[in-house]
Amino acid sequence: MARMPSAERRTQLVEAAIRAMTRDGVARTTTRSICAEAGVSLSVFHYCFDSKQALLEAAIETITGNYVARVKSAVEPRATLRETVRAGLQTYWDHVTAHPGEHMLTYDLTQYALREPGFEHLARAQYAQYVASAAVLIDQVRSVLGVEPRVPVEVLARYLAAAIDGLTLQYLVLKDEQVAESHLDMMADQLAALIGG
């Protein structure tokens with residue numbers, strides 16, 4: 001096995017964990033199966049992470065960070081505030097429809113953390129990260145367009161995180177793209193009104 005800096009090994013293990021958990025579910029994914037997926041020994045896992053809990057936290061951060069980076073890259077000034085917001089929502093949504101398994105994993109991680117003693121804080125941290133990420137995106141829209149939100153960014157961020165979370169779960173259950181798109185339009189209307197009219 002080639003020597004690799006620990007940061008790269010951590011990334012390798014996190015990516016392997018995401019693949020394995022997306023395929024097999026969180027409860028059925030073990031540290032051994034993650035190591036097999038990554039092609040490394042169990043000792044490498046223990047060198048990089050103190051526990052499965054630490055790995056799950058890194059996986060949640062990675063998944064959410066990837067979503068945020070993707071949407072941030074799409075936040076460019078459009079003709080209107082509403083169009084700018086809608087384009088950002090669409091970028092996220094394109095990932096949902098292209099990779100539903102990864103989005104199902106986020107709900108699996110939440111349920112696992114809530115049911116597993118000692119892991120509850122991971123679910124709270126996951127949702128705190130959703131709100132923080134939404135705040136970053138709202139602030140970027142505000143900055144790009146030079147508008148001041150009508151309501152506090154924290155309030156908008158909680159609304160956006162809750163709305164996206166609910167819409168994503170609904171889509172994963174119903175697979176109704178037409179309904180999802182109409183809800184995204186409604187969400188863009190509401191956010192544009194709340195951000196700056």
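Helices (H or I, at least four residues) and strands (E, at least two) are DSSP runs, numbered from the N terminus.

The model is predicted, and local features need pLDDT of at least 70, side-chain atom pairs count only at pLDDT 80 or more, and totals for chains, interfaces and linings use all residues. Residues are numbered from 1 along each chain as its sequence is written, and side-chain values use heavy atoms, with hydrogens and water left out.

The C-alpha trace of the protein chain spans about 55 × 35 × 30 Å along its principal axes. Its accessible surface comes to about 10,000 Å², with 54% belonging to carbon and sulfur atoms; accessible areas come from the Shrake-Rupley method with a 1.4 Å probe, and for residues only the protein chains shown count as cover. The 19 positive and 23 negative charges have mean positions 5 Å apart. Lys and Arg count as positive and Asp and Glu as negative, while His and the chain ends are not counted; the place of a charge is taken as NZ of Lys, CZ of Arg, CG of Asp or CD of Glu.

Of the 197 residues, 44% are buried, where buried means under 20% relative accessible area, exposed over 50%, and partly exposed in between (1.4 Å probe, protein chains only). Among contacts (heavy atoms within 4.5 Å) between residues at least 6 apart in sequence, 68% join residues at least 24 apart.

The largest nonpolar core has 62 residues, of which L13, L89 and I195 touch the most other members. Such a core is a set of buried Ala, Val, Leu, Ile, Met, Phe, Trp, Tyr and Cys residues joined through side-chain atoms within 4.5 Å. In soluble globular proteins, nonpolar side chains tend to be buried together. Beyond its neighbours within four places in sequence, L13 is in contact with I34, C35, A38, V40, V44, F45, C48, F49 and L55. One of these partners, V40, is found in the loop between α2 (31-38) and α3 (42-48). V40 counts as buried at 9% relative accessibility, and its C-alpha lies 9.0 Å from that of R9, 31 residues away in sequence.

I195 is also one of the contacts of L156, together with I138, P149, V151, L191 and L194, when neighbours within four places in sequence are left aside. L156 is found in helix α8 (residues 153-174) and counts as buried because its relative accessibility is 1%. The C-alpha atoms of L156 and S6, 150 residues apart along the chain, are separated by 38 Å.

A further buried residue is T106, at 8% relative accessibility, in helix α6 (residues 100-115). T106 touches I63, Y67, Q126 and Y130, not counting residues up to four places away in sequence.

Two loop residues lie on either side of α8. P152, in the loop between α7 (120-145) and α8, counts as exposed at 53% relative accessibility. Its C-alpha is 30 Å from that of M104, at a sequence separation of 48 residues. K175 is placed in the loop between α8 and α9 (177-195) and counts as partly exposed at 44% relative accessibility. Most residues other than glycine have a negative phi, whereas phi of K175 is near 55 degrees, a positive value. The C-alpha atoms of K175 and I138, 37 residues apart along the chain, are separated by 27 Å.
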